[in-house]
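I opened my notebook to look up a few things in this structure.

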Amino acid sequence: MIEGTISRSVQVDLRESWWIGPVEIPTRLVLAPMAGVSVQAFRRQGRRYGAGLVCSEMVSCAGLEHRNERTLGYLRVGRDEHPLAIQIFGSEPRVMADAARMVVAAGADIVDINFGCPVRKVTKTGAGATLLDDPERACAIVGAVADAVDVPVSVKMRRGLDNGSRACLQVGPRLVEAGAATLTLHPRSARQMSTGEADHSLTAELVELVDVPVIASGDVISRARAQSVLATTGAAAVMVGRGAQGNPWALREIVDGDGAEPSREEVAAELILFIRETVRELGEHRASGFLKKFYGWYLGRGRFPRPFKQEIVQLETTDEVVTRLFAAAPGAASIVERLEAELPDPTDEILLDSMPISIYGGG
Ligand SMILES: Cc1cc2nc3c(=O)[nH]c(=O)nc-3n(C[C@H](O)[C@H](O)[C@H](O)COP(=O)(O)O)c2cc1C
């Protein structure tokens with residue numbers, strides 16, 4: 001017991017690489033999958049700021065099965081995103097296996113399975129966190145997916161459905177037996193949604209029970225917290241979600257210890273690039289609504305005056321937003337130019353035969 005405590009108090013180097021099966025992950029920071037957030041621009045920015053692994057938001061296997069155009073749009077992978085996990089959710093092993101084949105064909109290095117989503121729309125279909133209450137089916141899904149693809153399969157889960165549940169400790173080892181190469185634990189119950197605190201003592205217990213890397217998700221927002229979660233749990237990596245929203249600089253602080261506040265020019269430049277890339281991915285119509293929450297995330301934190309933020313949120317088109325940002329921070333122009341020059345050619349993405357052409361080139 002004491003020995004364990006001593007060996008774990010050693011500081012972990014967040015810049016050290018680690019492995020999920022044959023996939024090398026260059027840092028011990030993973031960018032969380034977040035529905036409505038983890039677009040390509042978010043993931044690629046995460047890589048630039050030090051995330052060793054990025055993940056798509058959860059993708060419906062039923063949507064993939066029916067070749068739903070919007071769902072297929074989630075399978076767009078850039079050359080600079082690797083290593084990348086694409087997360088799928090569903091409740092039917094066969095449909096999940098087919099979906100896994102599609103995401104690998106699209107370029108995923110890892111297939112991640114969602115056993116954590118607490119939202120009723122998902123759980124009422126028998127998917128997401130409810131599978132923690134149905135270990136047989138959960139294992140059948142992991143087994144079917146692992147058999148279907150030759151890349152590693154990971155699972156992201158909550159502690160269980162109800163407050164105080166320890167289901168993850170019973171189910172986790174069985175999922176590994178069924179073929180999971182990594183487990184990510186967000187140790188809140190499904191009932192808790194995002195309230196309360198992540199109880200990483202469960203993460204430490206899970207680490208003791210399985211011989212695959214465990215990723216710790218929940219409430220990591222600083223280097224100090226990342227170090228303490230890694231040291232006290234023995235997890236291979238930390239995952240960061242909300243802390244990175246509109247704040248890639250938090251990732252840099254966590255990985256490198258560089259806690260310098262970004263200048264207004266840097267903030268405006270990152271936001272402008274984010275806007276342009278998101279418009280390219282979602283099209284102007286969807287992007288203009290989707291981006292509004294990001295304006296608050298980027299421009300808040302005392303970076304810009306509140307009236308400026310309010311003005312930006314009310315503008316109708318993304319062109320108007322970009323013009324207004326350049327006017328407020330003229331020095332952003334040269335930074336945007338440099339960042340855009342570093343982006344890979346957008347035509348250099350894998351095109352699946354089954355994808356409708358209209359989802360490429362801005363649609
Ligand atoms: C807006 C939002 C969307 C999320 N969507 C997903 C998702 O699609 N798949 C998933 O496994 N977790 C999802 N999560 C959970 C996060 O991945 C993460 O486990 C959780 O937010 C705790 O980490 P944090 O404290 O660093 O945010 C989402 C969280 C948020 C806030």
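**Rings**

I counted the aromatic pairs and got six. I note here that the model is predicted.

I looked at one pair, Tyr49 and Trp249. Their ring centres are 5.9 Å apart. Their planes stand at 75°, so I wrote the pair down as edge-to-face. The cut-off for that label is over 60 degrees.

Which parts does this pair tie together? Tyr49 is in the loop between α2 (40-48) and β4 (54-60). Trp249 belongs to helix α11 (residues 248-256). The pair therefore links parts that are 200 residues apart in sequence.

Are Tyr49 and Trp249 buried or exposed? I found Tyr49 buried, and Trp249 buried as well.

Next I looked up an aromatic cluster. Its members are Phe274, Phe290, Phe294, Trp297 and Tyr298.

**Charges over rings**

I came back to Phe290, a member of that cluster. The charged end of Lys293 sits over the Phe290 ring, 4.2 Å from the ring centre.

I noted Arg264 too. It lies over the face of Phe304, and the distance to the ring centre is 5.1 Å.

I checked Cys61, which is in no disulfide. Its nearest cysteine sulfur is that of Cys117, 13 Å away. Cys61 is buried, with a relative accessible area of 4%.

The cut-off is 2.5 Å. Cys117 counts as buried because its relative accessibility is 6%, and the limit for buried is under 20%.

**Inner space**

How many cavities of 30 Å³ or more are there? I counted one. I then looked up the space in the largest cavity and wrote down about 80 Å³.

Which elements give two or more residues to the lining of the largest cavity? They are β6 (110-115) and β7 (153-160).

I listed some of the lining residues. Among them are Val30, Pro33, Leu53, Ala85, Ile110, Asp112, Ser154 and Lys156.

Last, I sorted the lining by residue kind. Eight residues are nonpolar, two are polar and two are charged.

Definitions and conventions:
Residues are numbered from 1 along each chain as its sequence is written. This is a predicted model: local features need pLDDT of at least 70, side-chain atom pairs count only at pLDDT 80 or more; totals for chains, interfaces and linings use all residues. Side-chain values use heavy atoms; hydrogens and water are left out. On a 1 Å grid over the protein atoms alone, a cavity is a set of points where a 1.4 Å probe fits but cannot get out, and a pocket is an open set with protein on both sides within 12 Å along at least five of seven lines; lining residues have an atom within 4 Å of a point. Grid points are joined across faces, edges and corners, and a volume is the space filled by probe spheres set on the points. Helices (H or I, at least four residues) and strands (E, at least two) are DSSP runs, numbered from the N terminus. Ala, Val, Leu, Ile, Met, Phe, Trp, Tyr, Cys and Pro count as nonpolar, Asp, Glu, Lys and Arg as charged, and the others, Gly among them, as polar. Rings of Phe, Tyr and Trp (its six-membered ring) pair if their centres lie within 6.5 Å; planes under 30 degrees apart count as stacked, over 60 as edge-to-face and the rest as tilted. Buried means under 20% relative accessible area, exposed over 50%, partly exposed in between (1.4 Å probe, protein chains only). A charge sits over a ring if NZ of Lys or CZ of Arg is within 6 Å of the ring centre and within 35 degrees of the ring normal.
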